[in-house]
Amino acid sequence: MKTDNKTNSHVYWNPYYGGFLLGIIIIFTFYLTGRGLGASGAMKSSVVAIVDEVAPTHAENNAYYSKFISEEDTPMNTWLVFEALGVLIGAFISGGLAGRIRWRVQHSPKISSKRRLVFALIGGVLFGLGAQIARGCTSGAALSGMAVLSTGGFITMLAIFGSAYAFAYFFRKNWI
């Protein structure tokens, strides 16, 4: 099927093809690094580095932050930070090649851009908190966990998609 991107700017890859490629990448990552993918660790490292820079005494005395602070090394020197940077750079390259880099807020005609951004922020904060509680995000806990047949990976994936399905009824008017 040939599609003209000028008339339909919302043509994306087939999600099954994207999921297949993600699975191949996870297997390749395990092969190369001995670990799976994950992104929430990069956010944690960034927060620890910022807190350590702004309030070093607080960071050293805090039970959580102090685990990640070292005199010899910065919390930003972890492969997860470089992975997240690579994802951002790759997204900009992909968006540039597809002609999609511009400021816009996609939302249903039934809601405003402001409401869409507020819901996105709330959802992002809740998902970030959940990733810290679960000790991993969708990529790290669920996908990488399932790739090694971890029971926790399957439970995490079921919880993420199950709760999304359960709450979708209440929030669907924001997207349909």
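Ile89 counts as exposed because its relative accessibility is 53%, where exposed means over 50% relative accessible area, buried under 20% and partly exposed in between, with a 1.4 Å probe and protein chains only. The model is a predicted one, in which local features need pLDDT of at least 70 and side-chain atom pairs count only at pLDDT 80 or more, while totals for chains, interfaces and linings use all residues. Residues are numbered from 1 along each chain as its sequence is written, and side-chain values use heavy atoms, with hydrogens and water left out.

Ile89 is found in helix H4, which covers residues 79-98; helices (H or I, at least four residues) and strands (E, at least two) are DSSP runs numbered from the N terminus. Accessible areas come from the Shrake-Rupley method with a 1.4 Å probe, and for residues only the protein chains shown count as cover.

Leu149 also counts as exposed, because its relative accessibility is 67%. Leu149 is placed in the loop that links helix H6 (138-147) to helix H7 (151-171). The phi angle of Leu149 is near 60°, a positive value in a residue other than glycine.

Glu60 belongs to helix H3, residues 56-61. Apart from neighbours within four places in sequence, Glu60 is in contact with Ser66 and Ile69, contact meaning heavy atoms within 4.5 Å. Between the C-alpha atoms of Glu60 and Ala39, which are 21 residues apart along the chain, the separation is 24 Å.

The protein chain as a whole contains 7 helices and 0 strands, giving the pattern α-α-α-α-α-α-α along the sequence. Its C-alpha trace spans about 55 × 40 × 35 Å along the principal axes. Of the 176 residues of the protein chain, 18% count as buried. The protein chain exposes about 13300 Å², of which carbon and sulfur atoms supply 68%. Among contacts in the protein chain with a separation of 6 or more, 56% are between residues 24 or more positions apart.
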